[in-house]
Amino acid sequence: MQRILVVAPNWIGDALMAQPLLARLREKHAGVQLDMLAPEWVAPVARRMPEVDEVIAVPFRHGALELGRRWQLGRALKQRGYTGAIVLPNSWKAALVPFFAGIGLRSGYVGEARYGLLNRLYRKPDKAMRPHYARLAEAPDTEPRQPPPEARLRFDAAQAAATRARFGIEGRYAVLCPGAEYGPAKRWPYFAELARRLDLPVALLGSPNDAAAAEGVGGKNLVGETTLDEAIDLIAGAELVISNDSGLMHVAAALGRPLVALFGSSSPEKTPPQSGRVLWLKPECSPCYQRECPLGHFRCMRELSVDLVLAEARRL
């Protein structure tokens, strides 16, 4: 039996955009066991992917080398007898654990000159992330079959209902995600007005880093108050989700929820949600991929009106 170790991306959204790769691997290799090596903050999403057999959560700090700990983990995984590894992040350090585990076939993009650490190299990244990852299920220089499979997350209805009850949420509600991990340039500034004008009660979700973006928005502010598992359960029961380009945007799409996704400094041509409606004004300076507007005017988000967002929400 084939057993493949997949080294997950470091971001929730990227992990979900890699899910079509996992589906393709299952299509191509009957009976394959797919294990995912994932950062602790991504592991809850990986556990809900139906394609993943086991999630190995790792405590490595973001950006840290931690060479000794990676060597120890690699040696511990060697006894599992993996037949292959696929490394999704482009960093040099992300390829170390499969190398230390002595896995014979180690695939991934060249990235940070990972010659030797990887021995099946891909050199033509796609602009869009889903086919970029899905290509790794094929031989190098082979185009993946289009369209890629859709991402889907599992959730238990009874557990989701219990989570809503625990946070005092009853009846119909909308989820607003006013934060974005990368920086202010991805954060739409009008969530407070939107919350006042929506005809649904609202719950705000996000990580502790999104607290400033959620301040003063109103509704039930659960930003920084939930685990990722609890946030997934709350999104699963929402009648509507409105989100910046963030990991929770991709979670909502993978749960099949009605979604309005707001883009400014980033591009839906590269990281689109797989479903829902996308709003992107695309001024001449967008996408800039900067943490803050380098020109100071923030037109890409400032000119995206609440009326326009409400109109898209009503079409759902």
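This is a short tour of a predicted model, stop by stop.

Residues are numbered from 1 along each chain as its sequence is written. Local features need pLDDT of at least 70, side-chain atom pairs count only at pLDDT 80 or more, totals for chains, interfaces and linings use all residues, and side-chain values use heavy atoms, with hydrogens and water left out.

**Aromatic rings**

Rings of Phe, Tyr and Trp (its six-membered ring) pair if their centres lie within 6.5 Å; planes under 30 degrees apart are stacked, over 60 edge-to-face, and the rest tilted. Here the centres are 5.9 Å apart and the planes stand at 55°, so the pair of Tyr109 and Tyr122 is tilted. Tyr109 belongs to strand β5 (residues 106-109) and Tyr122 to strand β6 (residues 120-122), so the pair ties together parts 13 residues apart in sequence. Strands (E, at least two residues) and helices (H or I, at least four) are DSSP runs numbered from the N terminus. Both Tyr109 and Tyr122 are buried; buried means under 20% relative accessible area, exposed over 50%, partly exposed in between (1.4 Å probe, protein chains only).

Next select Trp188, Tyr190 and Phe191, which ring pairs link into a cluster.

**A loop residue**

Go to Leu105, in the loop between α5 (96-100) and β5. Leu105 is partly exposed, with a relative accessible area of 36%. Leaving aside residues up to four places away in sequence, Leu105 touches Thr83, Gly84, Ala85, Asn119 and Arg120, where contact means heavy atoms within 4.5 Å.

**Nonpolar cores**

Show Val45, Ile235 and Val251: of the 59 residues in the largest nonpolar core, these touch the most other members. Such a core is a set of buried Ala, Val, Leu, Ile, Met, Phe, Trp, Tyr and Cys residues joined through side-chain atoms within 4.5 Å. A second, separate core of 26 residues includes Ala174, Leu194, Val217 and Phe298.

**The largest pocket**

Finish with Asn10, Trp11, Ile12, Gly13 and Glu181, which lie nearest the centre of the largest pocket among its 44 lining residues. On a 1 Å grid over the protein atoms alone, a pocket is an open set of points where a 1.4 Å probe fits, with protein on both sides within 12 Å along at least five of seven lines; lining residues have an atom within 4 Å of a point. Helix α1 gives the largest share of the lining, four residues.
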